[in-house]
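Keep the picture open while you read.

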2 protein chains.
Amino acid sequence: MVKAVKNQPPHHVVIVGGGFGGLYAAKALSRARVKVTLIDKRNFHLFQPLLYQVATGALSPADISSPLRSVLSKSKSTKVLLGEVSDIDPQQQKIFMGGEEIRYDSLILATGAKHSYFGKDHWEEFAPGLKTVEDAIEIRHRIFMAFEAAEKETDPEKRSQWLTFIIVGAGPTGVELAGAIAELAYHTLKDDFRSIDTKETRVLLLEGLDRPLPPFAPELSREAQASLSRLGVNVKTKTLVTSIEDDIVTIKQGDEVTQIAAKTVLWAAGVNASPLGKVLAERTSAECDRAGRVMVEPDLSVKGYPNIFVIGDLAHFAHQNGKPLPGVAPVAMQQGEYVASLIKQQLRGDTKLPLFYYADRGSLAVIGQNSAVVDLGFIKFTGFVAWLFWLLIHIYFLIEFDNKLLVMIQWGWNYFTQNRRARLITGKELLQNVKADHRNKDYTPAQNIQAVM
Amino acid sequence: MVKAVKNQPPHHVVIVGGGFGGLYAAKALSRARVKVTLIDKRNFHLFQPLLYQVATGALSPADISSPLRSVLSKSKSTKVLLGEVSDIDPQQQKIFMGGEEIRYDSLILATGAKHSYFGKDHWEEFAPGLKTVEDAIEIRHRIFMAFEAAEKETDPEKRSQWLTFIIVGAGPTGVELAGAIAELAYHTLKDDFRSIDTKETRVLLLEGLDRPLPPFAPELSREAQASLSRLGVNVKTKTLVTSIEDDIVTIKQGDEVTQIAAKTVLWAAGVNASPLGKVLAERTSAECDRAGRVMVEPDLSVKGYPNIFVIGDLAHFAHQNGKPLPGVAPVAMQQGEYVASLIKQQLRGDTKLPLFYYADRGSLAVIGQNSAVVDLGFIKFTGFVAWLFWLLIHIYFLIEFDNKLLVMIQWGWNYFTQNRRARLITGKELLQNVKADHRNKDYTPAQNIQAVM
């Protein structure tokens, strides 16, 4: 605990990570009498709940991103730095960023998580996950290139492999991706091709547990399953993936082992905390859980270091009902605001400080086709009304930092009418890439192609 | 000339390139009794006149792109193929695309141009040009990363190099880029940084001839020069670039040679036609000009091959007043429509066919800061009214294929208020990239950085 002393330099709060946790902490500290440094390796805050929309061609990256500097431009005592924090010295109260070191009085770590393959890291090249803008553009490339390749393919078996999409993991991201791909194939693209019928596309959603959206109430899972089936998604529950290789996914249901040929496999099954958690654990006596999250105290600080806080997906907070809080945006936002107010109270010299309590206002997931599931605790609902509710909530939070209202209305309308305006296949390599790409080695054109167009 | 014969397969028109020329030809043929195949290596049409807006963070790529398949989805006899044409056999009437060959009855080549370094191709790594979406994202990365690097730089000399931007070539693209960067530095970003004052940015626009916008009337060039100066752009005319090396641009004005240190150099000085023009010239008796453009007959066909047409930036058409037509969108659009109607007339058996005539409806260029120059021939005007005219014309053409009206209104508003919402620094490599990047070798952080965030 640190007290403000007159004629001293202002209390310096260093926040690492500009996601929901870090940015909400920075916003809540913007009028406090502290100096704030926010460090991120990206120059923008990403609204991750809509990232699957970028991956499926409905939105552009900028539609769901806000430059950190512009969000915080009015907070004159807040400095934004672009960089990667590689180490921490809790005794000297310093963090290290490349050759630089920065001293802090209070430190907030909010570097989040990325997708994880449970030790099978070689699956990543065949089955990319969705955490960054670059991931989304890569997945968008693969999805739209698969339809293009199918259009040119003359062998019916290979054509069908190009038209088979497998999504591993039926949490919210997996359900959203599967629903969006089904909509693309069965509605948006249905008049766009001449050699293939995109309605022959197969979308498989694989889940290890016994129902999609396992964190939700069972009746909402049933509803989600029904919506997905109506959309044309084949949901396979109690299904484990045992191998992902070039074009072949091996699955196990009970004792039955099956191989499915598919050119496009997407990973939505697991996450691991950012490695900075382990670095912190090595430098302090903090412990990490299996997913690399730092076990935090009831006030989100690290054991023995009351001026170091860990929030959001990087934190394992189990003081509420024994289970760790889920890795969702509302948890990170509330934790960021809590830590900011705790620091302000400490500086005022308050001694009776509240512990963190997560106010769960509910959860929601969208399935596509103007359908969603909403669980507000006191009420659960599904279908079109749930979709509208989901849309409004997301538009509300998305425009909070940035005046994206018209863009969002346009998007809501496109989404409602199943148009997708951002179906660009981009990237430095393009066609050549498809060839070099392991997943796509059967793509026919481009032996010794000269760049012509 | 080909005549339609009953009970034969339909006349097959192959169009290579989905830019303004190719797409307008395809649209004009969509209801004709012909089979059309449109080939492009990208799956979208790019509205290139606004590409500099993507490069400077005001628009997203999808805002100025329309998926070719969706533009042509209602033309059931039109097939879109993703691929690169590498060769042509005019005797057999075939084009070659990777391993595939496609037979045509009429062929329209519209593969455009890309930027050229007049034989100094090694300048490209230091001074990227702006032709593709990937170019625009690369330039956006460099511009915004330069401000980030300046913010972290403590050496005043290096800081000033990061804040120096040189644009080579004061044609429309160069003027637009210079104006947009000046607006960014002096308005949009002015409150976003804490260590640097972005108003110290220097923007230099270099031009070999004696005035900016040389294709325009001299009084409009004077007006453009005045507008650029008001914006803070330093326009250097009669200035030749003799060398571009790591961080140093050497220029020659008369006999005076000067070296300018700048971390960001952008190339807007010259274009070369797509290599397919040379391939065609080798296979026929057609000739190419110095820029690689194919010399075409008065009906845009190739000498000796009345069923092969070359249009847009790939064509050198000098039958109007001795000078080749400029490489602008209206020329390509009119040529595409002309060739489509010529093919339809040929199929009807018309014998008296019109020659191509370009109806020049004027030219316009935007300078920024709500200022533009417009030359409609019978009237010339500048300033805010010209800017509004420029905006409306561009919105009109941009929404022609695609319902982007709300996006465009939002953009017009942002542009008017000097907000830029797409200031994302993206790319696979990010900070590491800055280090590896030749241009940016002085960027300080990131020795042995571990990916942490």
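A residue counts as buried if 20 or more other C-beta atoms, placed from the backbone, lie within 10 Å of its own, as exposed if 12 or fewer do, and as partly exposed in between. The model here is predicted, so local features need pLDDT of at least 70, side-chain atom pairs count only at pLDDT 80 or more, and totals for chains, interfaces and linings use all residues. Residues are numbered from 1 along each chain as its sequence is written, while chains are lettered from A and ligands numbered from 1 in the order written.

Start with strand β9 (residues 106-109) of chain A: S106(A) and I108(A) point one way, L107(A) and L109(A) point the other way, and all are buried. Strands here are DSSP E runs of at least two residues, helices are H or I runs of at least four, and both are numbered from the N terminus. Two strands pair if DSSP finds at least two bridges between them.

| β21(A), residues 305-310 | parallel | 3 bridges | I308(A) |

Now for the helices. How far apart are the axes of α6(A) and α7(A)? Helix α6 (residues 172-188) and helix α7 (residues 218-231) of chain A have axes 9 Å apart, at an angle of about 25°. They are therefore roughly parallel (under 35 degrees; over 145 is roughly antiparallel, 65 to 115 roughly perpendicular, the rest oblique). Among the residues making the contact (C-beta atoms, placed from the backbone, within 7 Å) are A178(A) of α6(A) and L228(A) of α7(A).

Definitions and conventions: Axes fitted to C-alpha atoms, helices over the stretch in contact; angles between N-to-C directions. Contact = placed C-beta atoms within 7 Å.
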